[in-house]
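Please look over the sequence and the model together. The paragraphs that follow go from the whole chain to single residues.

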Amino acid sequence: MLGFLVRLLPFWIREPLIILVGTVFGVRILFMAFVDGEGWVPAVIGAVFLLGAALRVRVVVHALRARRRRPPATEAELAPVTSAPVTPAPVTPAVRRPVERKPNAFAQASFAIGLFAVIGGALWIEGKLPEDGTAATGASRPAACRLDEDEELPSAYRSTPGAVTGADLCRALNRTELPELLGTPAERSVYASGTDSTAPLTDRKVAQPEARVEFETYTVELSATYNKLTVAQYAKLTTYGDGRDARKLTVLGRPALLTSDHMMKIQFDLGSGEGASGPVGQGPLARTLTVAFDGKDRGGSYDLTVWSESGLLPHDSALVDIAEAVLPRITRGARDQD
């Protein structure tokens, strides 16, 4: 469809426009290949764009030369014309017709280039404008939460009074100040999601909504588990394992516990031959802050987990700051049970 519309344009508008677009795209793709290190495939694509633009320039140059060069006179035009005697016809007054002006090729080309420059400038200015007032402060708009709106809410949520959903957790966690709390203020979230899950090994009878926000450096996950396990009981369970990194503290007037554990890593072979399927392995180290639902620690808790593929972790104070900023903002939204 786009190619058909381009072919409808006059020659002196279509060709300069194609040259300009091909040059801009070619230079940009080559910049990505050689400066950003994207590889040789973008370099080939950028070279193809520039080659196509060069061929179009050649076509335009030939067309300009053809317009300037007058065609040589033929032998028939140079031969003397002998006229036979004819009967003079009655003279009729000549009707003066308006001179037909040919379009100015340079004016059309300049107009096309100017129009394209105005559009490009408008897009560039739009990218520099603040988004909801956040660009002026250096913050970026977070990625929109991806939710399973079409899936039916599990029955565990309907049988648990006050249970929130994955959408509620994602809305509270996915905030513009989250990168600054993590110590990476220049980053923006690249992915955010909320799911209405249930706790494992509970026959789908315990609600456990989850929300995840991913950045270039860190991944943050927030979950709520509506079981009978208290934070004090969980702290005792950690003493039976490797609880060297466990630390008790109080957050928002509630009992809390900091623990460390490795994420699970699963590898699949999708037929590419580059990897092999295997059992669940040990992933990067994660730091988790578990906070009771209330100050009396009557069961159930929020889990705030942070990890990175590089193995780096923020300071424990960052998790506390995130919990103090996020947990009070958790409210039940539109997907409440009836």
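What share of the 338 residues of the protein counts as buried? The share is 33%, where buried means under 20% relative accessible area, exposed means over 50%, and partly exposed lies in between (1.4 Å probe, protein chains only). This is a predicted model, in which local features need pLDDT of at least 70 and side-chain atom pairs count only at pLDDT 80 or more, while totals for chains, interfaces and linings use all residues. Residues are numbered from 1 along each chain as its sequence is written, and side-chain values use heavy atoms, with hydrogens and water left out.

The protein has 10 helices and 8 strands. Helices (H or I, at least four residues) and strands (E, at least two) are DSSP runs, numbered from the N terminus. Among the contacts with a separation of 6 or more, 63% are made by residues 24 or more positions apart; a contact means heavy atoms within 4.5 Å.

Helix H7, residues 166–173, is mostly covered, with 7 of its 8 residues buried. The buried residues in H7 are Gly166, Ala167, Asp168, Leu169, Cys170, Ala172 and Leu173. Cys170 has a relative accessible area of 0%.

A disulfide is a covalent bond between the sulfur atoms of two cysteines; here the cut-off is a pair of cysteine sulfur atoms within 2.5 Å. The structure holds 1 disulfide. Cys145 and Cys170 form it, with their sulfur atoms 2.0 Å apart. Cys145 lies in the loop between helix H5 (105–128) and strand E1 (146–147) and Cys170 lies in helix H7, so the pair ties together parts that are 25 residues apart in sequence. The torsion about the S-S bond of Cys145 and Cys170 is about -95°, so the disulfide is left-handed. Cys145 is partly exposed at 27% relative accessibility, whereas Cys170 is buried.

Next come the charged pairs. A salt bridge is a side-chain nitrogen of Lys or Arg within 4 Å of a carboxyl oxygen of Asp or Glu, and the structure holds 8 of them. In one of them, Glu177 pairs with Arg175, the closest N and O atoms being 3.0 Å apart. Glu177 is partly exposed at 26% relative accessibility, and Arg175 is partly exposed at 27%. Glu214 forms a salt bridge with Arg212, and their closest N and O atoms are 3.8 Å apart. Glu214 has a relative accessible area of 24% and is partly exposed; Arg212, at 28%, is also partly exposed. Salt bridges that share partners join Arg175, Glu177 and Arg329 into one network. Arg298 pairs with Asp294, with closest N and O atoms 3.2 Å apart, and Arg298 counts as exposed at 60% relative accessibility.

The last stop is Thr238. This residue is in helix H9, residues 231–238, and counts as buried at 16% relative accessibility. The side chain of Thr238 reaches the backbone oxygen of Ala235 at 2.5 Å. Thr238 and Thr259 are 21 residues apart along the chain, and their C-alpha atoms are separated by 8.3 Å.

Methods
Polar contact = N/O pair within 3.5 Å; in protein donor to acceptor, adjacent residues only side chain to side chain.
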